[in-house]
Amino acid sequence: MSVGQWLAFGSLLSIVLFTPGPDFVLILRHSLADRRTGAVVAAGVISGLFVHTAAASLGLSALVATRPQLLSALTYAGAAYLTWLGISAIRSAFKARASDEGLPAAKEPIAVTTAFRYGFLSNLLNPKALLFFLGLLPQFIEPGEGAGLRTLMLAGATVVAAALWWAIVVVMAAGAGKKLRRPGVGKRIDVVTGVLLVGLGAFFGVA
């Protein structure tokens, strides 16, 4: 790839990463509550990206793109999962006692396996990630010899950039979370992030 193509890809990737989406909302919510939990959720998200990378490199993404029914099924599954995560966050907020101090999740962090699963499934079924790997990434790949290697390089660069971005988000959110651990604040954050997740689920479900 030429320098110009890498610059174009980097610009597009930056826009995709910095535009808040389901993964961002999920990592932000758990990082505000507990740094370790936020880091594990981020690790799950990155693992989901590895699956997308493997699928793109093996040509499975291109196969899915040619099957509208399968693509629609994945999109609806992702929308349903985001809605479920949002409803769970809202329920968590209303179940929290008025005497709780700080974020509900910070009082008793969720299990590592649960946090990882949240992040992994969120990214794997994330319509935004599906759009990137199925619709945008192929624009930088020319058919023919070397297409598989170029796909792997671009997808690998995406994983590395995402890992750096999520590390920054986790550290900054965890730092802000320490200042926000006051009675009632945690419930408000859970409600806001829950509504955002439900809204994103609804948007992707009808888009």
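**Helical architecture and core packing**

Read along the sequence, the chain of this predicted model follows the pattern α-α-α-α-α-α-α-α-α-α. The secondary structure comprises 10 helices and 0 strands. Of the 207 residues, 43% count as buried. Among contacts between residues at least 6 apart in sequence, 86% join residues at least 24 apart.

The largest nonpolar core contains 36 residues. Within this core, Phe9, Ile27, Phe132, Phe133, Leu137 and Trp166 have the most contacts. Two or more core residues are contributed by each of helix 1 (3-18), helix 2 (22-33), helix 3 (35-57), helix 5 (68-95), helix 7 (112-124), helix 8 (127-136), helix 9 (147-179) and helix 10 (185-206). The largest contribution, 8 residues, is that of helix 9. In soluble globular proteins, nonpolar side chains tend to be buried together.

Helix 2 and helix 3 pack with their axes 7 Å apart, at an angle of about 160 degrees. Angles over 145 degrees count as roughly antiparallel, and helix 2 and helix 3 are therefore roughly antiparallel to each other. On helix 2, the contact is made by Asp23, Leu26, Ile27, His30 and Ser31; on helix 3, by Arg35, Thr37, Gly38, Val41, Ala42 and Val45. Ile27 of this contact is also among the core residues with the most contacts.

Helix 7 has 13 residues and spans 18 Å from its first C-alpha to its last, close to the 18 Å expected at 1.5 Å a residue. Its buried residues include Thr114, Ala115, Tyr118, Gly119, Ser122 and Asn123. These lie on the same side of helix 7, because they cover an arc of only 160 degrees around the axis. An α-helix has 3.6 residues a turn, so residues three or four places apart point the same way.

Methods. Residues numbered from 1 in each chain as written. Predicted model: local features only at pLDDT ≥ 70, side-chain atom pairs only at ≥ 80, totals over all residues. Heavy atoms only, no water. Core = buried A, V, L, I, M, F, W, Y, C linked by side-chain atoms within 4.5 Å. Buried < 20%, exposed > 50% of the residue type's maximum accessible area, 1.4 Å probe, protein only. Helix = DSSP H or I, 4+ residues; strand = E, 2+ residues; numbered from the N terminus. Expected span 1.5 Å × (residues − 1). Arc of directions from axis to C-beta. Axes fitted to C-alpha atoms, helices over the stretch in contact; angles between N-to-C directions. Parallel < 35°, antiparallel > 145°, perpendicular 65-115°, else oblique. Contact = heavy atoms within 4.5 Å.
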